[in-house]
Amino acid sequence: MHANLSLQQAPPFSVPARFLVSAPLFGMVAALVMLWHGPEMISHRWTPELLAVTHFLTLGFLAMSMLGALMQLMPVLMGMVIPRAILFSSMVHTPLFLGSACLGLAWLININELFIIAMALLGFSFTIFIVVVTERLLRSKNRHVTRSMMMLALFALFITAILGIYLAMGYASADFSLARQLTDLHLSWGLLGWVALLIMAVAYQVIPMFQITDEYPARHQRWMGWSLFIALLALSLAYNWPSEILKSISQIFLAACLLIFALTTLWVLQTRRRQIPDLTMMFWQLAMVSLILLILAWAIATLMNFDLPVLLGVLIIHGFAMTTITGMMYKIIPFLIWLHLSTRNKNLRDKGERTSQVKVPHMRKIIPEAAGLWQFRLHSISLVLLILAAIWPDWFFYPATLVFFIAQTALFFNLSKAVYFYNAKIAELETQQS
């Protein structure tokens, strides 16, 4: 069973909102970089432009939105209290925002000092987040499987950050050797460890809760996170003590874990008891289909001895991770606005000030369903076009990038409009009380 909601522990709305609204800005910047540099930037995986775009998306979009979502979900799902939440979120958000921007710019304009600044900012942001959240999780009395998976995800984030800083030092200084052989390991811990583990942990709670579905099988919840984590540890050993057999077994095990999670999630979604069409469910379904395509593409590339880094990157970053997180944004932001406004109204009723209440719309109307649906269509079209662009860049690169930019702009507009609505309601409440 999922953990009981601790809504009274929810932090102020500004805590997660600043992260979630910032994320699509980096998606827009990544699209503009792609439009400016053209299809030549994906000619091979080591072009500075492709490295910049990859980190704008993985740090600026994925890490930004995931840290923001965690600051909201951990108090609610796990009953944790984050001390001085507004100050803490500022100490994490500002260096993460600036560090992500500096790292991307370092590759685009080739200034070594920017790598050093980015390492310092990102190192500070991730360190303070990991230390505080780990301490809170260790003290939490909640023993749901989500807690242990969040711990594993944080450890994966720590390893990802260490490997990333080590690799960045190779770009920052000519005196430090660039260990490109660790890049795949860095990506594995980041995308298959930190991102996938956290998405799994959250899925076990929010899909049954919001989609009104059956629970994930108990055995799946108990072992999936540990299986994925152990496979990543084995893969790391294969890099430290080169062993092709261990590397192959680890990769197959990783692929099997991801495939089982994707198929199980699609099966769970099929059991939903509420038949009203749901935007977030469509994002989840698209993300799981992308994950299955990722595994198939990797298997074909391995068997045929192809090198498809751009295609695999599109499927896991855009198709799986960004799709899942975008869908969750459409659930988190409206829910928070409804929760905080309803709480304020309740407090006014308790004080006998019923005339000072404001009308709180249904969550599905805070971000209009039609606006979210159009953004989903743009997101889906951009995914298909980016997949085609990875194979035939001369034909599809510019259309794919343009639609991707429009999709990210639409997401930013939808989230910003919701935040504006919340601020307007708060101003209305304050005016009525004055």
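Predicted model: local features only at pLDDT ≥ 70, side-chain atom pairs only at ≥ 80, totals over all residues.

**Notebook: cavities, a pocket and a histidine**

I sorted the lining of the largest cavity by class and got 13 nonpolar residues, four polar and one charged. My classes: Ala, Val, Leu, Ile, Met, Phe, Trp, Tyr, Cys and Pro are nonpolar, Asp, Glu, Lys and Arg are charged, and the others, Gly among them, are polar.

Residues are numbered from 1 along each chain as its sequence is written, and side-chain values use heavy atoms, with hydrogens and water left out.

I noted the rule too: on a 1 Å grid over the protein atoms alone, a cavity is a set of points where a 1.4 Å probe fits but cannot get out, a pocket is an open set with protein on both sides within 12 Å along at least five of seven lines, and lining residues have an atom within 4 Å of a point. Volume is the space filled by probe spheres set on the points, which are joined across faces, edges and corners.

The largest cavity has about 190 Å³. Of its 18 lining residues, L73, V206, F210, K331 and I332 lie nearest the centre. Helix 10 gives the largest share of that lining, six residues. Helices here are DSSP runs (H or I, at least four residues), numbered from the N terminus.

Next I looked up the second largest cavity, which holds about 130 Å³. Its 13 lining residues include M66, A69, L198, I325 and M328, the closest to its centre. Helix 2 supplies the largest share, five residues. By class I found 12 nonpolar, one polar and no charged.

How many residues of helix 2 are buried? I found 28 of the 31 (buried means under 20% relative accessible area, with a 1.4 Å probe and protein chains only), so helix 2 is largely enclosed by the rest of the structure. Just after helix 2, G79 takes a positive phi of about 70°.

Then the second largest pocket, with about 330 Å³ of space. Among its 21 lining residues, D278, K331, M363, R364 and E369 are closest to the centre. Its lining has 12 nonpolar, three polar and six charged residues.

Last, I checked H93, which sits in helix 3 (residues 85-109). H93 is buried, at 12% relative accessible area.

Conventions. Helix = DSSP H or I, 4+ residues; strand = E, 2+ residues; numbered from the N terminus. Buried < 20%, exposed > 50% of the residue type's maximum accessible area, 1.4 Å probe, protein only.
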